[in-house]
Amino acid sequence: MADDLQSRRAVIAGVGVGGLSLALTACGGGESGTTTATQSTGQSTSGSGAPSAESTGSSAGGALAKTGDIPVGGGTILKEQKIVVVQPAAGQFKAFSAICTHKGCLVAKVADGTIDCPCHGSKFKIQDGSVANGPADQPLPEKQIKVEGDQITLA
């Protein structure tokens with residue numbers, strides 16, 4: 001009887017841990033269960049609504065992106081580096097953390113002049129990383145970059 005009781009407890013504990021794991025995954029950080037256009041097509045959109053290539057970037061010390069890869073009024077999300085590089089105006093390049101300041105999700109697209117987080121709808125302005133739409137209440141931290149020729153690298 002004692003062995004039967006312990007087996008039942010083990011099953012109940014296993015189900016409880018599995019349910020907790022599922023709940024944390026559904027509400028958690030970086031990856032969400034939501035499929036976005038960026039995830040399904042591998043592209044993000046520029047401010048004009050035209051697709052722009054999403055990049056994983058290159059290794060540390062190398063170029064993040066080429067200037068020609070960043071659309072004017074849009075940007076590119078570098079998932080591996082957790083950086084988003086934008087071009088608010090022709091020839092003006094900026095970079096920000098791609099981690100939303102609300103709950104730590106990775107932003108998913110750049111469109112219509114904002115950097116958008118899929119988790120709770122926060123949007124950040126490409127000009128300065130400031131909050132355009134909450135629930136985030138802190139701007140995206142800016143990353144220092146250098147533009148040399150057509151290469152964009154971390155400063």
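**Exercise 1. State the accessible surface of the protein chain and its carbon and sulfur share.**

Solution. The accessible surface is about 8,600 Å². Carbon and sulfur atoms hold 55% of that surface. The areas come from the Shrake-Rupley method with a 1.4 Å probe; for residues, only the protein chains shown count as cover.

The model is predicted: local features need pLDDT of at least 70, side-chain atom pairs count only at pLDDT 80 or more, and totals for chains, interfaces and linings use all residues. Residues are numbered from 1 along each chain as its sequence is written, and side-chain values use heavy atoms, with hydrogens and water left out.

**Exercise 2. Describe the protein chain by elements, burial and contacts.**

Solution. Start with the elements: two helices and 13 strands. Helices (H or I, at least four residues) and strands (E, at least two) are DSSP runs, numbered from the N terminus. Next, burial: 32% of the 155 residues count as buried. Buried means under 20% relative accessible area, exposed over 50%, partly exposed in between (1.4 Å probe, protein chains only). Last, contacts, meaning heavy atoms within 4.5 Å. Among those with a separation of 6 or more, 42% link residues 24 or more positions apart.

**Exercise 3. Explain why Thr-114 counts as buried, and list its surroundings.**

Solution. Locate Thr-114 in strand E8, residues 114-116. Its relative accessibility is 12%, so Thr-114 counts as buried. Set aside neighbours within four places in sequence; Thr-114 then contacts Lys-109, Lys-123, Phe-124, Ile-126 and Ala-132. The side chain of Thr-114 also makes a polar contact with that of Asp-116, at 2.6 Å. A polar contact is a pair of N or O atoms within 3.5 Å; within protein, one must be able to donate a hydrogen and the other to accept it, and residues adjacent in sequence count only if both atoms are side-chain atoms.

**Exercise 4. Trace the pairing of strand E6 and explain why E6 is largely enclosed.**

Solution. E6 covers residues 92-97; five of the six are buried, so the rest of the structure largely encloses E6. Two strands pair if DSSP finds at least two bridges between them. E5 (residues 83-89) runs antiparallel to E6, with five bridges. Here Val-86 has Lys-94 as its bridge partner. The two strands form a hairpin with two residues between them, and Gly-91 in the turn has a positive phi of about 80°. E11 (residues 142-143) joins E6 by two bridges, also antiparallel. There Phe-96 stands opposite Glu-142.

**Exercise 5. Give the strand order of the open three-stranded sheet.**

Solution. The order is E3-E13-E12, with antiparallel pairing. E3 (65-66) and E12 (145-148) are the edge strands, each pairing on one side only. E12 meets E13 (residues 151-154) over four bridges. Val-147 stands opposite Ile-152 in E13.
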